[in-house]
Amino acid sequence: TRRAAQALITSALAGALLFAVHPLHVEAVTYVSGRSDPLAALLMLVAILGFLRGDGRGRFLSVAAFFLALLAREAALVLPLLLVVLDRVVPGRTWRPAVDYLPYVAVLALYLGLRAMSVAPGQVVVANAAVPLGLRLMTVAEVILRYLGLVMLPLGLHREHTVAPVT
């Protein structure tokens with residue numbers, strides 16, 4: 001098991017180094033409106049570390065970082081699920097009682113309430129509603145393939161990629 005742990009650490013380090021130096025990730029950092037992505041990721045990492053710490057200060061830090069991550073980027077909504085998966089999947093971790101996740105649910109409810117009050121129902125425009133689901137899924141597949149191509153061969157990078165919907 002020591003060899004397996006060492007292999008996991010080595011592969012995680014290699015992935016982190018590739019992520020750090022790959023030119024594709026420069027777009028999210030240098031694009032001004034893209035600053036919310038790395039900020040939300042950093043705050044989510046702080047929340048995870050506070051959660052892993054497990055004491056009162058760590059829990060407070062984790063919940064506060066989660067709230068700030070939500071304010072930075074809505075994608076942070078997945079953090080409570082990630083914490084549950086972390087507790088259930090990582091070997092050697094004891095399962096926390098469900099009550100330990102209640103502060104995250106409360107913060108999530110607060111955020112969703114604030115968002116509902118700040119965004120009037122008529123203000124949200126769903127531009128893709130007229131496009132059938134099948135075409136949207138094919139467009140997503142094309143975007144994923146294009147992104148994978150950029151990971152392998154990062155040529156023609158630009159801060160804003162446009163993809164015409166598949167027809």
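This is a predicted model: local features need pLDDT of at least 70, side-chain atom pairs count only at pLDDT 80 or more; totals for chains, interfaces and linings use all residues.
The chain has a mean pLDDT of 84, and 87% of its residues reach 70 or more. Among the elements of the chain, α4 has the highest mean pLDDT, at 94, while helix α2 (residues 26-30) has the lowest, at 63.

| Helix pair | Axis distance | Angle | Crossing |
|---|---|---|---|
| α3 (residues 36-53) and α4 (residues 56-72) | within 7 Å | roughly 160° | left-handed |
| α4 and α6 (residues 102-118) | 10 Å | about 25° | right-handed |

How do α3 and α4 run relative to each other? Their axes cross at roughly 160°. An angle over 145 degrees counts as roughly antiparallel, so α3 is roughly antiparallel to α4. Residues of α3 in this contact include Leu39, Leu43, Val46 and Phe51, and those of α4 include Leu61, Ala65, Phe66 and Leu68. By class, the contact of α3 with α4 holds 13 nonpolar, four polar and three charged residues.

The pair α4 and α6 packs at an angle of about 25°. Angles under 35 degrees count as roughly parallel, and therefore α4 is roughly parallel to α6. On the α4 side, Ser62, Val63, Phe66, Phe67, Leu70 and Leu71 take part; they meet Pro103, Tyr104, Val107, Leu108, Leu110, Tyr111 and Leu114 of α6. Twelve residues of this contact of α4 with α6 are nonpolar and one is polar, with no charged residues.

Technical notes: Residues are numbered from 1 along each chain as its sequence is written. Side-chain values use heavy atoms; hydrogens and water are left out. Axes are lines fitted to C-alpha atoms, for helices over the stretch in contact, and angles run from 0 to 180 degrees between N-to-C directions. Helices (H or I, at least four residues) and strands (E, at least two) are DSSP runs, numbered from the N terminus. Angles under 35 degrees count as roughly parallel, over 145 as roughly antiparallel, 65 to 115 as roughly perpendicular and the rest as oblique. A crossing is left-handed if the near helix is turned anticlockwise from the far one by less than a right angle, and right-handed if clockwise. Contact means heavy atoms within 4.5 Å. Ala, Val, Leu, Ile, Met, Phe, Trp, Tyr, Cys and Pro count as nonpolar, Asp, Glu, Lys and Arg as charged, and the others, Gly among them, as polar. pLDDT is the predictor's confidence in each residue, from 0 to 100.
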